[in-house]
Amino acid sequence: MLAQRGVSASRTSSGRVSHHRQASGLRTQGKSCRSRRRTATGTPTRTACRAPWGCPAPRIGSPRPARQRPRFDRPAGARRSAPPHPRRLPCGHIILASVPPARHADSVTHTDDTTLETLGWSAFFADQIGTDDAGLIPLRIATVHRARMGAVGLNGPLRLSLPIKLNTADYAVGDWVLAAPETHLVARRLDRRTLLQRRTEGAKFQQLIAANVDTLFIVTSCNDDFNPARLERYLALCNEAGTTPVIVLTKADQTEDPARFQREAASLQRDLPVVFLNGKSPEAATILAPWCGTGQTVALVGSSGVGKSTLLNTLAAHDEDTAQATGDIRSSDEKGRHTTTSRSLHRIAGGGWVIDTPGMRTLHVSDVAAGLDVLFAEITELAPQCRFRDCTHQHEPGCAVLAAVKDGTLDAARVDRWRKLVDENAQKTPVLTGPRGNKIDPARKGRR
Ligand SMILES: Nc1nc2c(ncn2[C@@H]2O[C@H](COP(=O)(O)OP(=O)(O)OP(=O)(O)O)[C@@H](O)[C@H]2O)c(=O)[nH]1
Ligand SMILES: [Zn+2]
């Protein structure tokens with residue numbers, strides 16, 4: 001499936017490019033694209049406005065019959081009478097440039113039903129379009145390398161042209177950018193709805209992991225890899241990013257009692273969805289389907305060897321030629337060897353998108369104060385009941401947290417882990433200074 005629909009080639013640690021570059025299906029797909037038929041109706045998915053990005057503004061005047069409405073969500077080459085661009089709609093939004101037909105066979109792998117919404121576009125991004133953006137097209141970043149970036153748009157995958165001063169480190173897989181339709185020169189990046197990022201040991205800036213991810217699959221296995229403290233680190237990062245977490249327990253086929261792991265994982269955060277599965281079985285895609293619908297973006301994180309690549313292959317329904325490389329794990333400690341090393345966006349069978357995020361072996365917490373509050377809500381909600389406002393919940397009289405531990409309503413081990421993460425976060429989050437050298441409280445800092 002990825003051979004036809006995938007948008008990136010991912011390099012494995014052995015240096016081989018593992019996806020569709022090898023797939024002969026690409027070229028045939030490219031040819032059929034240029035002569036592709038129009039879809040049955042030109043009716044946009046939202047009824048309120050005819051902008052391709054789904055403007056939520058109310059329609060002005062009485063609606064015209066559907067067949068008379070111009071189509072804005074198809075490349076200009078695919079229709080006989082394209083409306084002039086740029087155009088202003090009654091709601092005030094600006095129609096961006098029409099999309100020219102792709103010129104290279106390698107850059108036209110897409111399905112006939114591709115719209116901006118199927119690529120993950122929503123009103124959140126549409127609302128950021130202004131008059132200055134007329135003449136540009138939206139594209140979603142699929143790969144980020146030091147000196148080049150790949151994207152996917154209505155015409156399929158393409159390579160972006162980068163302005164001289166652009167630093168690719170400021171972009172993440174999943175980002176939306178506006179670019180020139182002919183040259184694909186990046187004009188600007190749209191604000192992110194969610195952003196997964198982390199700070200590596202000693203680093204000044206956060207490293208971007210993935211943007212605009214709806215659901216983060218935090219993958220661990222029903223074996224010695226299962227570690228609540230590590231899962232809590234991923235959960236803090238996920239909460240801070242504004243992304244919905246789901247714990248995915250792989251290798252359920254190798255244990256007698258997967259439900260035991262499920263119960264323990266579910267206790268780590270309120271309303272946390274936890275599923276267990278055999279990542280190698282096609283059933284895994286069905287279990288994860290609720291989060292992988294059309295236009296939805298998921299990302300996979302977890303330690304090496306837990307089965308991320310296996311899941312990716314199952315979700316994308318790869319064949320053997322195009323599959324992401326999977327590695328054997330060392331039987332001594334059930335650790336893998338980080339077979340995959342680059343991040344990329346892949347189309348998945350259910351109509352959604354998955355971002356693989358390999359190489360996250362160690363995970364320090366930094367800049368995640370709000371994420372920790374969500375994760376440990378049962379503890380942070382007790383704090384206002386402590387006698388002292390600056391209670392450290394370690395030895396003070398009248399401490400509500402210590403009282404809850406004593407009467408058994410709070411798990412002492414969880415309180416220890418909470419304290420450790422809060423301390424680590426405070427220590428590893430650099431103190432920001434404002435224009436006059438004032439300290440900025442990281443907990444209050446607005447999310448990017
Ligand atoms: N029995 C069983 N084996 C699995 C399952 N998921 C993965 N495996 C096996 O576990 C090994 C490691 O899987 P990978 O998919 O390479 O793990 P990964 O998380 O991508 O590892 P890195 O690329 O190193 O990060 C492979 O031999 C898989 O076949 C599962 O649910 N059940
Ligand atoms: Zn207290």
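pLDDT is the predictor's confidence in each residue, on a scale from 0 to 100. In this predicted model, the lowest confidence falls in helix H2 (residues 25-34), with a mean of 31, and the highest in strand S11 (residues 244-250), at 98. The mean pLDDT of the protein is 74, and 64% of its residues reach 70 or more. For the complex, the predictor reports an ipTM of 0.97 and a pTM of 0.73.

Two stretches call for caution. Over residues 91-95 the pLDDT stays under 50, and the model has 23 contacts beyond four places in sequence for them. Residues 319-341 also stay under 50, and there the model has 61 contacts beyond four places in sequence.

**Overall make-up**

The protein has 448 residues, of which 43% are buried. Its secondary structure comprises 11 helices and 17 strands. Of the contacts between residues at least 6 apart in sequence, 66% join residues at least 24 apart.

**The annotated binding site**

An unreviewed UniProt entry lists Cys-386, Cys-391, His-393 and Cys-399 under "binding site". His-393 is found in the loop between helix H9 (377-380) and helix H10 (400-406), and Cys-399 is also in the loop between H9 and H10.

Is His-393 buried or exposed? A residue counts as buried if 20 or more other C-beta atoms lie within 10 Å of its own. His-393 has 21 such atoms within 10 Å, so His-393 is buried. Cys-399 is buried because 21 other C-beta atoms lie within 10 Å.

Leaving out residues up to four places away in sequence, His-393 touches Cys-386, Cys-399, Val-401 and Leu-402. With the same exclusion, the contacts of Cys-399 are Cys-386, Cys-391 and His-393.

**Backbone angles**

Most residues other than glycine have a negative phi. His-393, which is not a glycine, has a positive phi of about 60°. Asp-367 likewise has a positive phi, near 60°, and is a residue other than glycine. Asp-367 lies in the loop between strand S15 (353-356) and helix H8 (369-375). With 22 other C-beta atoms within 10 Å, Asp-367 is buried.

**An exposed loop residue**

Lys-165 sits in the loop between strand S5 (156-159) and strand S6 (176-179). Why does Lys-165 count as exposed? The cut-off for exposed is 12 or fewer other C-beta atoms within 10 Å, and Lys-165 counts as exposed because it has 5 C-beta neighbours inside 10 Å. Lys-165 and Thr-220 are 55 residues apart in sequence, and their C-alpha atoms are 40 Å apart in space.

The neighbour counts of the residues discussed above are set out here.

| Residue | Other C-beta atoms within 10 Å | Class |
|---|---|---|
| Lys-165 | 5 within 10 Å | exposed |
| Asp-367 | 22 within 10 Å | buried |
| His-393 | 21 within 10 Å | buried |
| Cys-399 | 21 within 10 Å | buried |

How values were computed: Residues numbered from 1 in each chain as written. Chains lettered and ligands numbered in written order. Predicted model: local features only at pLDDT ≥ 70, side-chain atom pairs only at ≥ 80, totals over all residues. Helix = DSSP H or I, 4+ residues; strand = E, 2+ residues; numbered from the N terminus. UniProt positions renumbered as here; feature names shortened; annotations may be inferred. Contact = placed C-beta atoms within 7 Å.
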